[in-house]
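Dear colleague,

Please find below the structure that I am handing over to you. My notes on what was found in it follow directly after.

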Amino acid sequence: MSSIDTTSIYPSFDKKLTEKTLHRLFYPDPADLAFAGIKSKSQFKPSKGYLLVVLKCAQYLYYVPQAHQIPLYVARFIVKSIYPRYLARNDELDQYMKSGTFKRHLPRIRSHLGFYGSPTEIRDKAMRYAENAAINKIRFLDVLNACIEGIILDGHELPALSTLQKIAKTAMTSAQKTIFDQIVSLLTPAMKDAIDGILAQVGPSQKSTWQRFKESGDLPKKSVLKEYLVSFDALDDLVTRLPSLSNIGPDRKEQLVSEALALDSWNMRRLSSAK
């Protein structure tokens, strides 16, 4: 499987394939020839030869490509493997894929490759895969790849890359709210009051426990040392009473901590009460 860039696993013909790789991936086997109705190498028929080209490319890509997505050298290798003296042409391939013959062939190709499911069903599944991945994965490409892999393993035909990219972006946007909802569902009213308490400004310095928690690790002055000790004792006590977040991965936790540390008490209070 080729990749659309250095990290996405969406299959494509973005890299030039060696002759050895072409033979391994695109040389037709007897089942391919039987499907295309090819019984003899003596005479090339576009309706059968280019059907074979599309079939082999779809096997490799996990989706039925358009004519312009199939490199000429790949089409020529497939055709020459059966018709050694015939040179495939782009215009012939394009004409075939615009024909009524190809429209009749298309459902057969998808059925032969085991592709199933309506476009709506596949998009819904892709969204579920992306949403599940986005809970613990913080990189867009990781979410996109999880989505692609899930669709392939399920036996569906891959939607267009642009469609999957939109799905992954939407899932990442909604993941933050989903995580907050999961955490909030575990909090009792008493826990919420305790969390709210660390944002209150108290003592001579009028600093909240949250502000003190974020300050540097330098030793505090003697005049406020007692306040620091009380604050950290309160935080330690709060941690022991809060629910476990074992369902959230370490990368996502690190991201949430970084975001929280970037907020001061006033910003935290401006967030929704659920957050």
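The structure holds nine aromatic pairs, where rings of Phe, Tyr and Trp (its six-membered ring) pair if their centres lie within 6.5 Å. Phe 44, Tyr 50, Tyr 83, Tyr 86, Tyr 96 and Phe 102 are joined by ring pairs into a cluster.

Please note that this is a predicted model, in which local features need pLDDT of at least 70 and side-chain atom pairs count only at pLDDT 80 or more, while totals for chains, interfaces and linings use all residues. Residues are numbered from 1 along each chain as its sequence is written, and side-chain values use heavy atoms, with hydrogens and water left out.

Two lysines are placed over aromatic rings. A charge sits over a ring if NZ of Lys or CZ of Arg is within 6 Å of the ring centre and within 35 degrees of the ring normal. The charged end of Lys 16 is 3.6 Å from the centre of the Tyr 73 ring, over which it sits. Lys 169 lies over the face of Phe 140, with 6.0 Å to the ring centre.

Phe 13 is found in the segment before helix H1 (19-26); helices are DSSP runs of H or I with at least four residues, numbered from the N terminus. Its relative accessible area is 15%, so Phe 13 is buried (under 20%, whereas exposed means over 50% and partly exposed in between, with a 1.4 Å probe and protein chains only). Leaving aside residues up to four places away in sequence, Phe 13 touches Phe 26, Cys 57, Tyr 60, Leu 61, Gln 69, Ile 70, Pro 71 and Val 74, a contact being heavy atoms within 4.5 Å. Leu 61 is 48 residues from Phe 13 along the chain, and their C-alpha atoms are separated by 8.5 Å.

His 112 belongs to helix H6 (residues 100-112). Because its relative accessibility is 37%, His 112 counts as partly exposed. With residues up to four places away in sequence not counted, His 112 touches Phe 35 and Leu 55. Between the C-alpha atoms of His 112 and Asp 32, 80 residues apart along the chain, the separation is 9.7 Å.

Finally, the axes of helix H7 (residues 119-136) and helix H9 (residues 161-185) come within 8 Å and cross at roughly 45 degrees; axes are lines fitted to C-alpha atoms over the stretch in contact, and angles run from 0 to 180 degrees between N-to-C directions.

With kind regards

Methods
Helices (H or I, at least four residues) and strands (E, at least two) are DSSP runs, numbered from the N terminus. Rings of Phe, Tyr and Trp (its six-membered ring) pair if their centres lie within 6.5 Å; planes under 30 degrees apart count as stacked, over 60 as edge-to-face and the rest as tilted.
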